[in-house]
Structure formats: structure tokens, C-alpha cells
Amino acid sequence: MKRLLLLLLCPLLFGIVSAGSVNQIVLDGSVGYRQVDIEMAFSEPSTNGTHYEIMMNDSEFSRTDESILHSIIIVGETTGLMQPEIGEWYDDCHYDPGDGVFVPIYRESDGTAVIPNGTLSVGCTLTGIPSGQEYYFAVLTIYPNNTEVLSSVIASSSTAEDELAEPLKTSPYLFAIGSISLSLIALLFGLRWLDYRDGRTSSKGAHLYIAPALLSLAVLTFYPVIYGIWLALTNADQSQLGEHVFVGIENFVTVFSTSGFLRVTGFTLLWTLVNVVSHIGLGLLLAIALNKHGLRGKTVYRTMLLLPWAIPSYITVLVWRGMFEPAGAINDLLGTDLNLLADANGARFAVIMVNIWLGIPFMMMSISGALQALPKEMYEAAEVDGIGNFSQFRHLTLPNLRSALVPLSLLGFIWTFNMFNVIYLMTDGGPNLDFDGPGSTDILITYVYDVAFRDGAYGVAAAWSVVIFAMLVVFSWTYMKRTNATEAVT
Amino acid sequence: MSSMDNMPRASKSDLARRWYVPQEIESIRSYYPLVLIVALLSVGLSLIRANQDAIYSSTSIVLVHLVVLVLLRQLDHGTKNIRDGALAISGIGLFLSILHHLDGPSLWIDIWFTAWAAIPFVLVLAAGSMPMVTLWVSGRLTVKAAELGLRKNKMMAMKHSHALHHLILFHAVAAVALPILWILDVALSPENALGGGFMDEITGEHFEKLISSESFWLWTRNSFIVSIGTTLLGLALAIPAGYAFSRFRFRGRDSAMFAFLLVQMFPGVIILVPYFLVMKALGLLNTSLGLILAYSVTALPLCVWMLKGFFDTVPRELEEAALVDGCSQTQVFWRIVLPLSLPAVAVTALFSFLAAWNEFLLALTFNTSEEMYTLPVGLASLISSTGQAWGDFAAASLLVSLPVVVLFIAFQRFLIEGLSAGGVKG
């Protein structure tokens, strides 16, 4: 608004000197990290063939050869040119076509800024200004006949601090949290009263006992989930937080039209399936190996095999990353010259291998527990009947472990699907990171992290989260239904 | 028995053959799948190394293994000739393995591969030439000898199966130990070298640097504040709730318990972005309080379920007696239930502490200023696009994980019980 007002005042404040030239440029006062906003008002509507050069220098100047060129704006034909929105180009520029409403400037394919005939004023956010230092700006008007007019010179300094976003308004959040808490407290009081009325004495004070836990759960988990779903329907991003508005399903359209949507979903599924199958398979193998009666050194083995679970995962993942470096242990050991992490398929193999290594102990221990619960008499009877080891495993162990394996595999599925650390710390989604789209080893949740905190597109990231959650629900539901169905048959 | 003695000699030995397979042969057969997998890996390694001769020799070793396996399978209804063939081919295989080994570099892995290639051949040679096996394959086995053999088989089967279990477990342990040995080597090596011989130069420079560096202690302090805060707040929230779920029957109990289960199903990612914005709005980014709140709520459902399970095991009679004696419900809780379940509370506390101590994603997202880094984020920042301080990272990793690992191993039984109870139920 401020910018608009200043611009409207411009022609009044500064008199007309020369037709169509920029006689004055003004600052609209807003500066950012290494950037300064300027506004230039034309004395007359612009005409075809004229172009404007924005000049700058770190000392005051009065001739063009004392200054450096920042950018050029051409007056010309604009049909067929792109018109990038704010934030899509390096220097955001907008112009007034004559009716007082500002629209984004046109860009040729090489990025040259173009305004149509009859423009009254142009505003630009100049980027790349050295931070925290006073800089001088002027605009040079060059007519088709090569006469030049230099505007007055103004000075401004960009800030040295990166101001990412306006501080959010606290009150709506406090209001939401307050109303959730109050309604929950009212609900608990109501339930308490109902219990009292019914004369249930065994529940004395129960609602008071669960109130703190339930309140924190509501405020810090359920509220963010609902807020996330709302965010997915707004245009929230880093630059317009607090002013975001409802945009419908636009973000979901963005999600499904992302180049590489299928690729990242496919790799996520591959990643999850290979990991869960290997975790359960190898965990089962080791659990059976450990379950041997009278095996010497069992405790030592068990303790050693627990280590991948006991050591913090961020440490082991980084250690593995070091081992996969060209100078690391893998090449030393194998006597090879590999650089797995620089190759897309190699990196995929490496991250999956590391996650298999990490996840086996949990499955091993859980399956061990289930194995010990199996009745010993069953195996003794099988032994008497002369049934071989493999047949015992196939026909006794596996069917009896089923009730433990089904929930374990579902749990493993959800955990692996959401395993952030391994991929973020090993490859950060790379190699082959595209400008907009997932990298070669990105799974859904590492990509969402990038969308949210690298691109700052919170609304789109929230939409991704909703889509991922929906996928998880569908997979888990189908899995449970199918396993239940087969259980009913057997 | 007497009727058997009257039978002709040939049919008796046929009977013996049908009932008896020497355990040596049986064991070698069941080891063979592993042998073949390793042999194929050896071919793979030769392919990666692009060593032509090694590719040929390792492939032919695989083929020889296959032939030996087929011959071993034929032995049951075979003749002495098949045994002799297996022995001869095993000899060739042994020779090939040695040639293959002499051909390439002799790193640890090559010695390992050679062992896996050669030892089965040696075993076949040894087992195949045993007198008992010779009798068996030549059809001259008496029923008496077979009975003796069957008894011996049982003992041997036990020993061999133990050996197989040790073999599998030893390899698993080696795979686990590899990164740990490597990080030990990097931590004790000078500068930030990743490669080099194992423990060839030993120095404590990284540990000295770490102990005298400010940021490491700052991160440790932050981690301690966050983890202890999480533990205290988490327990303060979870103990009353767990107790109420365990002891009281009240309206809304089932819905509340379901709410706790539901939260465990939510993947962290769906909350991350809104969580970040709420924290930002409340000014809780780059504070310890923000992380403490987030962690204690994340761990809350599991803690509540664990504690509920523990409280369920405390006998109710004690409480009822105390109530009859005139204690109030609050007094019962503080004076009787809590002291009795102190070990359980300690395990839950340890669980909360470890979860907060190791958490990475939320710490990375919420605390972006270096002043407020916790250990996970701080350690990860040592290895980034700008810095590759592997030596310092390795030393810090060892210092940070040692106490955690000791705690985990010491309390593994309780932690795993609680975690799988909560996890499987959730």
C-alpha cells in the first residue's frame, strides 16, 4: 500500500522535465537482505524504442561512465512474452500500465525486462546490492535517437541481516490454543459431572489426572494436524506468512503435477518394501540363530547385534557416509575405486543398505521375543516325528510367528516410510538434485522437508504431507485388510 | 532284528542306505547355499574390479561348486564312482581357488573369499574319504554299523548346527563391528584422513581439540537441558495419566486412550510444517523450551502406555487397604503407588531421555542458530558441504554414543519390552 501511495504522489511531487524520461527515482523505503526497492516515475507515458538503464555505484556519481549498470528495461511489444509472478525472477519488477493498478513486468526469454507503450511508472526490487553499505542509484533514459537523460541520484543501503519473513501475529494462534484448551476443560468438567451424577465413585479425580496430558496432546499434536490441513489449502509461503489466503486445491494440483511425482513415490515404495522385507528376513534369520539352545556366547552376540539400535542413528548414518566416500573404508576393504554416492543407482543402493543395517536389531529382538513364546513341546513332538529343521521352520515356526509378524511388518512399513535421517544425512536427496523436483534418492518425506524449508513453500509442503498421510492410511488399511482376510481363511 | 539277519546281504545294506546318510555329507549339503551366495559375490567383486582373469577364475569356481553340489545330492542312491568323481572335482576346485587367490590383491576380503571358496572343497575331500562314507557309498554298510553311525550322527548334527549358528552370527557381528572399528580408527588418526591402514598412527589430537572447543560443550549443555527438561515434563504429564488409565473407570476413558493411540499413528512429517509455524508464531524457535514441549508430547503416548502397563502390575489390594485406613486418593498415589513403581518410572524416564538425546529432525528444523544446536545437529554440522572434519566428528561420536550405548545395553530388556508393547499396540 505504501508503495502504491508514493507512486501516485510521484508525478505531483516532481515536475515534468523531459517527455518520457525518468526525472526522479524514489525509494519506497523497504530494503531487504542485499536488496533495495526503487520506484521510477516517467514524466510522460513511455514510448516504443526507449529504454531505461538502472545505474549504481558505491559513491555518488553524475556521469554514466562513473557508474555500473544494474539492469535494463526496454519499452516494446509485450505480446507473447512471459510475465513471471513476484518471487519467480531475480529482480521483481512491476509497472503501471496507466490505470493505477500494478502488474508484473514482462520478461523476454533471456530475462530482459520489457514494458509496453504508455507505462507511467515502474517499481523494481534490485537484488545483489552488497550488504550494509551505502549505494547510489540513478536511471538513465535512452531515446530511440540515442539522446540520454540521467535522473537524479538517490542513496540507500541494504541490510546485512537476512530478514526471512515478517514476524507472525501471535494472537490468532493464542486464540486457537486458548479455545481448544477451554473447550477441552469444559468437556472434562462435563464428563466429571456426568460421572458424579451417576454416582460412580471409582473415578474420583480421574479427569483431573488425565487433563494435563490430554491438554498438551490437543494443543501440540491435534491442533497442528488440523492447522496443517488448513495450511494445505492456503498459499502460505516464506514471503507471505500471516497474510496467506484460501486457494482451494491449488496446492494439491501443484503436488500432483510436480515433475518426478511418480519417480519419488516409486522410489519411496521400493525403499520401504526392500527395507521391510530385508529387516524381517534377516531379523528372523538372526533371531533363529540366537534362539539355539545351549549356544555358547549368546549374550555377547546379542549385545553386539544390538549396537546398531543402541548407537544414535544420526551418528551411524554419518559414519556410513564416510565409509562410502571414495577415500573411505568400503573402497579400502574391497580394493575397488567406487564413488557410489555420486551415482544415482549407487546412492540408492547405499542408502537402502545402510537402512537395512540400522533396522535389523529391532526386528531381531522383537522376533526373538515372539520365538521364545512359542511352546517347546511342539518342537519336541516334531523332533520325535523326525521332521527336518527346514520343515519345522516352514510348517511350525512361520505360521505361529504370523500373529507377531503382521503388526511388526506394518510398524516397520510406517517407520521406514517416514525414515528421514538416513537419506537426509547420507545424500540429502542427491545426486542429481533438480531445481524443482525431487533428487535421485529423495523419498517423499525428505522431499517435503526440502519443499518446506528450502523453497519455503509451506502451503505446498502441507499439501504433500496430507497426500503422504493419505497414502500411508491407504497402504496400512489395505495391508491389514488383506492379512486379516487370509487369516480368516487359514 | 533276527528277521533282518536272515535277509540276504545286499538287501540289508540297501536298507541301511535308506535309513542312514552320514551327517558329514548332510551338513556340507546344507552349508552349500551360503557357499554359493558367497561365490557369486566373489564374481561380483571381480566384475567391479574389472579384473578379467579373476572374473574367469571366480566364475569357474562357482561352476565347480555347482557340480560338487549335484554330485553330493546324487550320493544317496549313487555309487562309489560318484563319490570318487566328487573328490576329484573338489581337488580341481581347491586348485582353482588357490590360483584365484594368487591372481588378485590379498586384502582381508580376498582372504575371506578364498576361505569361503576353498574350505567347502577341503570339507568334501575330508568327509568323502572317511571310512564310514566309503562303506556307505560302496553299499557295504552293515546294519550294525549304520546303527552306530546314526547314534554318532545325532551328536555330530548338534555340533555342526552350532557351527552354522556361530558362522552366521559371527558374520553379522562383523558387519556390525565394521563401522565402529572404522570410526575408532578415524578418531585416533591424525588430521581428517578417511583411509589409511588400520590403527597405523595413533593420536589423541581430535579428543584434545574437542574437549577444549567451546561449541562442543555448548551443544552438550543444550542437549542436557532439552533432554532433562523433556524427561521431567514428560513424566509429570504421563504419570498421572497412566495411573488414571490403569486404576479408574470413568466416562471418556476409552476415547482418551484411543486419542493416545491415534497420535502414535501420525507420521511426524504431517505435523512438521504446521508445528514449525506454530512454534514460530509463539516465539519458541531457537529456544530450549520449544524442543522440550515438542519432545515431551511426541514421547507422551508411549510413556503413558508403558506406565499404564507397569501400574497394572501393582496389586490393588495395597491401595484398597490404605484407603480403608483413611488415606486419601492423592496420598495413596504419592505414598504407595509411586514408590512401588519407581523402577518403572526410571525406565520410562530413561526412554524419554534417550529419545530426546538422539532426536534429529525437530532439532534441525526448530533450532537454526548455532548457539542453540543440540548434539545431533551440531555433530551433523561438522560434516557438511562446507566442512569435512571427519576426525573431530569421529571423536565426538565416540564420546556422545558411549554413555548412550552403555545405558541402552544395561536397560535393554526393559526398554525393548516397553517399546514393543507400545509399538505393537500402537
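## A strand on the inside

Strand E9 (residues 121-127) of chain A is largely enclosed by the rest of the structure, because six of its seven residues are buried (a buried residue has 20 or more other C-beta atoms within 10 Å of its own, with C-beta atoms placed from the backbone). Strands here are DSSP runs of E with at least two residues, helices are runs of H or I with at least four, and both are numbered from the N terminus.

This is a predicted model, where local features need pLDDT of at least 70, side-chain atom pairs count only at pLDDT 80 or more, and totals for chains, interfaces and linings use all residues. Residues are numbered from 1 along each chain as its sequence is written, while chains are lettered from A and ligands numbered from 1 in the order in which they are written.

## Partners of E9

Strand E2 (residues 35-42) of chain A runs antiparallel to E9(A), joined by seven bridges; strands pair if DSSP finds at least two bridges between them. Strand E5 (residues 93-96) of chain A also pairs with E9(A) in the antiparallel sense, over four bridges.

## Where the chains touch

The contact takes 84 residues from chain A and 79 residues from chain B, counting residues as in contact if their C-beta atoms, placed from the backbone, lie within 7 Å. Helix H3 (residues 206-231) of chain A gives the most to the side of chain A that touches chain B, at 16 residues.

Methods. A residue is buried if 20 or more other C-beta atoms lie within 10 Å of its own, exposed if 12 or fewer, and partly exposed in between; C-beta atoms are placed from the backbone. Two residues are in contact if their C-beta atoms, placed from the backbone, lie within 7 Å.
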